Every structure is written in structure tokens, then in C-alpha cells.
Amino acid sequence: QLLAAAWRPRSEDLLDEPRRQALVQRLLRDGSINKSGYAELCRVSPATASKHLTTLAERGLLEQTGKGPSTRYSLAP
């Protein structure tokens, strides 16, 4: 919950509180998430998922690895 709260200022325009907490919990549990996993978790379209994940990576909250269908996002160090 502390990590989700720390994300709030840089992600509140993309994620409401329940989705932010769910995403952080998934990342802590699984280590990473892909676009389809994010779309399912946050109940958004794949296009929106891609935009959100890219934006969160640009803001330094996530780290992107891989390209194309194998792209994964994990918590930034």
C-alpha cells in the first residue's frame, strides 16, 4: 500500500486507487506484467494498456524489457 501511495502523484491521471493498488500488488507478486495482463487487470483495451504502460515507464515507475509481443514491465529500481 505504501508503494501504491508513492505512485499516486505520477499515476493518478491514468489509474484510480483500486487499479493502482491491484497493479502494484500484481507486480510485487509476479515480478512483471505484459500488455494483455494489464488490460485484463485494469479492464481497459489493449491500446489503452499499451499507452498506460509506456507512460508509466516514461515517468520512471516501470521498467520496460523486451520488444513487441514479449515486452514486459516491472517495477523500476
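**Figure 1. Arg-43 in the predicted model, an exposed residue in the loop between α3 and α4.** Arg-43 has a relative accessible area of 73%, and is classed as exposed because this value is over the 50% cut-off. The residue is located just after α3, in the loop that lies between α3 and α4. Its backbone is also of note: phi of Arg-43 is near 55°, a positive value in a residue other than glycine. Most residues other than glycine have a negative phi.

**Figure 2. Packing of α3 against α4.** The axes of these two helices come within 8 Å and cross at roughly 105°. Because angles from 65 to 115 degrees count as roughly perpendicular, α3 and α4 are assigned to that class. On the α3 side, the contact is made by Lys-35, Tyr-38 and Ala-39; on the α4 side, by Pro-46, Ala-49, Ser-50, His-52 and Leu-53. By class, this contact has five nonpolar, two polar and one charged residues.

**Figure 3. Ala-47, an exposed residue of helix α4.** The relative accessible area of Ala-47 is 58%, so the residue falls over the 50% limit for exposed positions. Ala-47 and Lys-35 are separated by twelve residues in sequence, and their C-alpha atoms are 8.7 Å apart in space.

**Figure 4. Buried residues of α3 and the helices they pack against.** Gly-37, Tyr-38, Ala-39 and Cys-42 are the buried residues of α3. These buried residues pack against both α2 and α4. Tyr-38 and Ala-39 take part in the contact with α4, while Gly-37, Tyr-38 and Cys-42 are among the α3 residues that meet α2.

**Figure 5. Packing of α2 against α3.** The two helices pack at an angle of about 140°, with their axes 10 Å apart. The pair is therefore oblique, and its crossing is right-handed. The contact is made by Arg-19, Ala-22, Leu-23 and Arg-26 of α2 together with Gly-37, Tyr-38, Leu-41 and Cys-42 of α3. These residues divide into five nonpolar, one polar and two charged.

**Figure 6. Packing of α1 against α2.** Here the helices pack at an angle of about 125°, and their axes are 10 Å apart. The arrangement of α1 and α2 is therefore oblique, with a right-handed crossing. From α1, the contact includes Leu-3, Ala-4, Trp-7, Arg-8 and Ser-11; from α2, it includes Glu-17, Arg-20, Gln-21, Leu-23, Val-24, Leu-27 and Leu-28. Seven nonpolar, two polar and three charged residues make up this contact.

**Figure 7. The largest nonpolar core and the surroundings of Leu-56.** The largest nonpolar core has 18 residues. The members that touch the most others are Trp-7, Leu-15, Leu-23, Ile-33, Tyr-38, Leu-56 and Leu-62. Two or more residues of this core come from each of α1 (2-11), α2 (17-30), α3 (35-42) and α4 (46-58). Leaving aside neighbours within four places in sequence, Leu-56 is in contact with Trp-7, Ser-11, Leu-14, Leu-15, Leu-23, Leu-61 and Leu-62. Two of these partners, Trp-7 and Leu-23, also belong to the contact of α1 with α2, and Leu-23 belongs to that of α2 with α3.

Definitions and conventions. Residues are numbered from 1 along each chain as its sequence is written. This is a predicted model: local features need pLDDT of at least 70, side-chain atom pairs count only at pLDDT 80 or more; totals for chains, interfaces and linings use all residues. Side-chain values use heavy atoms; hydrogens and water are left out. A nonpolar core is a set of buried Ala, Val, Leu, Ile, Met, Phe, Trp, Tyr and Cys residues joined through side-chain atoms within 4.5 Å. Buried means under 20% relative accessible area, exposed over 50%, partly exposed in between (1.4 Å probe, protein chains only). Helices (H or I, at least four residues) and strands (E, at least two) are DSSP runs, numbered from the N terminus. Contact means heavy atoms within 4.5 Å. Axes are lines fitted to C-alpha atoms, for helices over the stretch in contact, and angles run from 0 to 180 degrees between N-to-C directions. Angles under 35 degrees count as roughly parallel, over 145 as roughly antiparallel, 65 to 115 as roughly perpendicular and the rest as oblique. A crossing is left-handed if the near helix is turned anticlockwise from the far one by less than a right angle, and right-handed if clockwise. Ala, Val, Leu, Ile, Met, Phe, Trp, Tyr, Cys and Pro count as nonpolar, Asp, Glu, Lys and Arg as charged, and the others, Gly among them, as polar.
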